[in-house]
Amino acid sequence: MSRLRLTFACCRYDRMEAIREGTVAVAGVDLTCITLKSGRDVFDRMVGGREFDIAELSAAEFISLMGQGDCPFVALPVFPSRVFRHGYIFINKRSGISGPKDLEGRRVGLPLYTQTAAIWARGHLQHQFGVDVGTIRWVQGAVEETGTHGKPHAPALLRPVTIEQNQSGASLATLLARGEIDALIGSRKPEILGRNPDVVRLFPDYRALERELYEQTRIFPIMHLVAMRRELYERHKWLATCFYHACVESKRRARARMRYAGSLSTMLPWLQAEIEEIDEVFGGDAWPYGIEPNRATLEALVQYMAEQHFIPHAIPIEDLFVPLPTDVGP
């Protein structure tokens with residue numbers, strides 16, 4: 001059987017580096033890896049133009065497509081990007097917001113209402129802090145620049161939500177600093193944080209809250225998964241298992257390198273101390289693949305998406321991913 005020539009698009013991650021370098025191969029495949037700067041670049045090109053055979057994909061965009069039928073992709077339970085979200089809600093402290101409930105009725109900026117990060121943040125605000133997120137007035141646009149954040153192709157919401165497009169000629173970060181929006185839910189820190197004394201985090205103790213969330217619920221928010229074109233999978237179903245095996249091995253090598261204390265793999269002076277804390281909290285692997293180790297997180301995301309009218313009802317987690325042999329571990 002001749003080898004398949006396929007493309008794989010992903011951001012640069014240590015857990016994918018061995019695949020990108022070619023030191024871990026996908027059996028039966030000659031793989032061309034395409035490394036892009038941001039997830040949004042990958043998603044827009046994959047969903048909008050089907051430019052890649054396999055790609056990192058927004059978990060929310062994929063689940064939205066699955067929930068509304070005729071999804072052109074299938075997914076593997078491989079999660080390149082995960083980020084706790086409590087530390088990515090920012091306020092202007094002159095707005096009078098002292099706690100999460102004070103967000104009700106306020107103008108809150110975000111890059112995209114449909115962004116996975118925003119879904120998680122709204123879900124946390126609602127379920128952990130009792131915030132009526134339906135009262136918030138959303139302002140959507142790019143955080144550091146004027147205009148929009150990418151060119152997303154997510155399906156329409158099942159129930160309309162009032163979303164104001166930022167057409168002020170200023171970025172959302174600038175509007176936050178001016179007090180023209182009261183808060184910002186971001187996928188990353190705005191550059192103005194630490195430069196403007198009025199821009200602060202809603203939760204200064206975010207790390208403790210995130211650890212508490214995980215210890216109580218086992219939720220470590222998943223941002224992205226790995227998807228492949230459905231028609232490719234239907235023609236070569238063996239490919240899913242081979243690619244999953246490669247992702248597992250690539251992650252194993254990255255974890256081994258990270259844990260080698262003779263020379264630190266990243267510029268974090270207390271990396272080994274951080275690893276010891278992570279092992280204590282996460283039981284040795286904070287980044288598991290597969291369905292079962294991630295069931296609580298995936299079920300929470302699907303629940304939030306149903307509550308926020310992205311999908312008509314919760315989807316069984318097994319229905320979101322292609323079946324893999326039972327002996328394929330995380």
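Reader: Where is V143 found?

Author: The model is a predicted one. In this model V143 is found in the loop between β7 (137-140) and β8.

Reader: Why is V143 called buried?

Author: The relative accessible area of V143 is 14%. Buried means under 20%, so V143 is buried.

Reader: Which residues does V143 touch, not counting residues up to four places away in sequence?

Author: V143 touches P111, S171, L172, A173, L184 and P190. Contact here means heavy atoms within 4.5 Å. As a further distance, the C-alpha atoms of V143 and R188 are separated by 9.4 Å, and these two residues are 45 residues apart along the chain.

Reader: Where is the place of N166, and what makes N166 count as buried?

Author: N166 has its place in the loop between β8 (163-165) and α5 (172-178). Its relative accessibility is 10%; the cut-off for buried is under 20%, and therefore N166 counts as buried.

Reader: What makes the approach of the N166 side chain to the side chain of S168 a polar contact?

Author: The distance is 2.7 Å, and a polar contact requires a pair of N or O atoms within 3.5 Å, one able to donate a hydrogen and the other to accept it. A polar atom of the N166 side chain also lies 2.8 Å from the backbone oxygen of A170. Leaving aside residues up to four places away in sequence, N166 touches V139, Q140, G141, S171, L172 and L175.

Reader: How many aromatic pairs does a search of the whole structure find?

Author: The search finds 10 aromatic pairs. One of them is formed by F84 and F220, with ring centres 4.5 Å apart and planes at 15°.

Reader: Why is the pair of F84 and F220 called stacked?

Author: Ring centres must lie within 6.5 Å for a pair, and planes under 30 degrees apart count as stacked. With centres 4.5 Å apart and planes at 15°, the rings of F84 and F220 are therefore a stacked pair. F84 lies in the loop between β4 (73-76) and β5 (89-92), and F220 in the loop between α6 (206-217) and β11 (224-229), so the pair ties together parts that are 136 residues apart in sequence. F84 counts as buried at 14% relative accessibility, and F220 is buried with a relative accessible area of 7%.

Reader: What makes the pair of F220 and F282 tilted?

Author: The planes of F220 and F282 are at 50°, and the ring centres are 5.6 Å apart. An angle under 30 degrees would be stacked and one over 60 edge-to-face, so this pair is tilted. Because F282 lies in helix α9 (residues 271-282) and F220 in the loop between α6 and β11, the pair ties together parts that are 62 residues apart in sequence. F282 is buried too, with a relative accessible area of 17%. Ring pairs link F84, Y214, F220, F282 and W287 into a cluster.

Reader: How do you know that the charged end of K251 sits over the ring of Y289?

Author: The charged end of K251 is 5.0 Å from the ring centre of Y289; the definition asks for a distance within 6 Å and a position within 35 degrees of the ring normal. R122 likewise lies over the face of Y113, at 3.6 Å from the ring centre.

Reader: Which residues are the closest to the centre of the largest pocket?

Author: The largest pocket has a volume of about 1500 Å³. Of the 40 residues lining this pocket, R82, F220, E274, I278 and W287 are the closest to its centre. The largest share of the lining, 8 residues, comes from α9.

Notes. Residues are numbered from 1 along each chain as its sequence is written. This is a predicted model: local features need pLDDT of at least 70, side-chain atom pairs count only at pLDDT 80 or more; totals for chains, interfaces and linings use all residues. Side-chain values use heavy atoms; hydrogens and water are left out. Helices (H or I, at least four residues) and strands (E, at least two) are DSSP runs, numbered from the N terminus. Buried means under 20% relative accessible area, exposed over 50%, partly exposed in between (1.4 Å probe, protein chains only). Rings of Phe, Tyr and Trp (its six-membered ring) pair if their centres lie within 6.5 Å; planes under 30 degrees apart count as stacked, over 60 as edge-to-face and the rest as tilted. On a 1 Å grid over the protein atoms alone, a cavity is a set of points where a 1.4 Å probe fits but cannot get out, and a pocket is an open set with protein on both sides within 12 Å along at least five of seven lines; lining residues have an atom within 4 Å of a point. Grid points are joined across faces, edges and corners, and a volume is the space filled by probe spheres set on the points.
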